[in-house]
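Please read the points below with the coordinates open beside you.

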Amino acid sequence: QLFAQFIPNCVSYDPTFHYEVAVIVHEGMRRMFQEQENVFFYLTAMNENYSHPAMPQGAEEGILKGLYRLREAAKPKGGKKAPRVQLMGSGTILNEVIAAAELLKDDFDVVADVWSATSFNELTRDGQDVERWNRLHPEAEPRVSHVERCLADTEGPVIAASDYMKAFAEQIRPYVPRAYKVLGTDGFGRSDSREALRRHFEVDRHHVVVAALKALADEGTVPVSRVTKAIRQYEIDADKPNPVRA
């Protein structure tokens with residue numbers, strides 16, 4: 001995916017669900033064959049088995065732009081205000097992000113909106129295009145990137161996870177309007193189960209939970225002791241070698 005970003009006419013996506021693939025392929029056929037645009041589409045898909053939900057109503061535009069809200073957290077019962085975070089996942093890691101949202105709710109009373117990031121590359125290009133337009137039209141009403149529009153009515157820090165290097169999701173940092181934490185698989189390639197590898201590279205559901213709680217603690221929304229509780233509860237070895245160097 002990072003290599004795909006180097007090619008200007010390569011439109012790349014990292015979808016999770018079948019309906020995302022369908023929407024992207026349909027758009028690729030329209031642009032490449034019907035409109036005869038000088039572009040080509042690149043999709044990554046994995047052989048992991050999991051359930052595929054129905055497409056949320058009105059998700060097509062967000063799928064093609066690179067980001068849409070898959071699940072909005074339900075409001076706590078009794079009108080009680082709870083800490084809130086925004087969780088993003090790209091590709092099959094999105095299933096771990098969905099599971100992390102459930103753990104945050106059940107174990108720590110934190111609510112999480114879940115976002116499917118179908119293309120950090122397209123989000124980056126959109127943000128760069130908006131920046132350029134605003135720079136060259138200083139007296140016009142500023143345009144807003146798709147990432148900023150998506151997050152405008154949300155609360156809490158943003159956590160992004162992918163099965164790629166952190167640099168993949170880091171690309172959109174300039175367009176995230178508040179605290180932004182990224183998890184990725186930086187380090188040497190290894191041969192093991194997908195579950196073990198995600199735990200080794202610290203991108204699985206438990207590490208997403210810890211990252212979310214730490215971000216909330218950094219802004220004073222939850223006590224830092226909750227982060228320690230999560231590390232102990234999920235049996236995370238805080239002193240193991242950093243996978244980037246191990």
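1. A salt bridge is taken here as a side-chain nitrogen of Lys or Arg within 4 Å of a carboxyl oxygen of Asp or Glu. This is a predicted model, in which local features need pLDDT of at least 70 and side-chain atom pairs count only at pLDDT 80 or more, whereas totals for chains, interfaces and linings use all residues. Residues are numbered from 1 along each chain as its sequence is written, and side-chain values use heavy atoms, with hydrogens and water left out.

2. The structure holds 19 salt bridges. One of them joins the side chains of Glu 27 and Arg 30 at 2.8 Å, N to O, and both residues lie in helix H2 (residues 18–34), 3 residues apart, or about one turn of the helix; helices (H or I, at least four residues) and strands (E, at least two) are DSSP runs numbered from the N terminus. Glu 27 is buried at a relative accessible area of 16%, while Arg 30 is partly exposed at 29%, where buried means under 20%, exposed over 50% and partly exposed in between (1.4 Å probe, protein chains only).

3. Glu 96 and Arg 205 also meet through their side chains in a salt bridge of 2.8 Å, N to O. Because Glu 96 lies in helix H4 and Arg 205 in helix H9, this pair ties together parts that are 109 residues apart in sequence. Glu 96 counts as buried, at 12% relative accessibility, and Arg 205 is partly exposed, with a relative accessible area of 34%.

4. How do H4 and H9 themselves pack, in angle and axis distance? Helix H4 (residues 94–108) and helix H9 (residues 205–218) pack at an angle of about 55°, with their axes 8 Å apart; axes are lines fitted to C-alpha atoms, for helices over the stretch in contact, and angles run from 0 to 180 degrees between N-to-C directions. H4 and H9 are therefore oblique to each other, since angles under 35 degrees count as roughly parallel, over 145 as roughly antiparallel, 65 to 115 as roughly perpendicular and the rest as oblique.

5. Lys 240 forms a salt bridge with Glu 202, the closest N and O atoms being 3.1 Å apart. Lys 240 lies in the segment after helix H10 (225–233) and Glu 202 in the loop between helix H8 (194–200) and H9, so this pair ties together parts that are 38 residues apart in sequence. A network of salt bridges links Glu 48, Asp 163, Arg 194 and Arg 198.
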